[in-house]
Each structure stands twice: as structure tokens, then as C-alpha cells.
Amino acid sequence: MVKELNKWCFTPLFSVLIFINGNSRNIIPEPILHPIHIATVEIEHNATEKVLEITCKTFWDNFEDILSKNNKSRIDLTNDKLTTENNKKIFEYIKAHLLISV
């Protein structure tokens, strides 16, 4: 019963379970779950310096994937030799996707 309850709790809502004589049978194949991608942007006003301090936090592997897709070539953010080139690509991506209006 615990196994069945566990399966029910973690099965997406669009998957249907049928209970027959206390046994469940999934009539729709288990879907492939999409991983969660989370990024945050934190903006603070530094009144002393009169600037906005912007911090973008993301998982580097997810960011590598999207940069690779946008540049149509594999991007390796861990390669120290490519730091200058990668920083340019990162800046262009953020400039294209983050708009701040004052």
C-alpha cells in the first residue's frame, strides 16, 4: 500500500490511475518529467555609489545549455582559457533578456 501511495503522490496530475480490487494500474505511460530550472535576479540600490547592483543567480549547467543553443556551438563556462570570450557571450545574453527601466 505504501508503494502505491508513494506512486500516487508523485505521479503528475495528468496521469490516470485505475484501482481494481485494491490494486492500481496506470493506464497512461509514465511521462518524462521536465526538470525545474530556476534563476533569480536580485537588484539593490547603492545610494552611496549611486548605482544599481544586479546579481543574477542560475545553475551554470543550465546557463551553459542555453548559451550553447543561442550560439549554435558548445559553450564551456569552466574553461579558464575562454573566460574573455564567454564573458562577452554572457553579457550579450543578459543584455538581450534583462531589461531595466527607471
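Residues are numbered from 1 along each chain as its sequence is written, and side-chain values use heavy atoms, with hydrogens and water left out. Because the model is predicted, local features need pLDDT of at least 70 and side-chain atom pairs count only at pLDDT 80 or more, while totals for chains, interfaces and linings use all residues.

The protein has three helices and four strands, in the order α-β-β-β-β-α-α from the N terminus. Helices (H or I, at least four residues) and strands (E, at least two) are DSSP runs, numbered from the N terminus. Of the 102 residues, 13% count as buried, where buried means under 20% relative accessible area with a 1.4 Å probe and protein chains only. Among contacts (heavy atoms within 4.5 Å) between residues at least 6 apart in sequence, 15% join residues at least 24 apart.

Strands E3 and E4 pair in the antiparallel sense over eight bridges; pairing requires that DSSP finds at least two bridges between two strands. Glu42 has Thr55 in E4 as its bridge partner. Four residues separate E3 and E4 in a hairpin, and Lys50 in the turn has a positive phi of about 60°. Asn46 belongs to E3 and is buried, at a relative accessible area of 19%. Beyond its neighbours within four places in sequence, Asn46 is in contact with Val51 and Glu53. The side chains of Asn46 and Glu53 make a polar contact at 2.7 Å. A polar contact is a pair of N or O atoms within 3.5 Å; within protein, one must be able to donate a hydrogen and the other to accept it, and residues adjacent in sequence count only if both atoms are side-chain atoms.

The largest pocket holds about 400 Å³ of space. On a 1 Å grid over the protein atoms alone, a pocket is an open set of points where a 1.4 Å probe fits, with protein on both sides within 12 Å along at least five of seven lines; lining residues have an atom within 4 Å of a point. Grid points are joined across faces, edges and corners, and the volume is the space filled by probe spheres set on the points. Of the 17 lining residues, Ala39, Cys56, Thr58, Phe63 and Tyr93 lie nearest the centre. E3 (39–46), E4 (51–58), H2 (60–71) and H3 (83–97) each supply at least two lining residues.

Glu64, in helix H2, is buried with a relative accessible area of 6%. The side chain of Glu64 reaches the backbone nitrogen of Leu77 at 2.7 Å.

How values were computed. Buried < 20%, exposed > 50% of the residue type's maximum accessible area, 1.4 Å probe, protein only.
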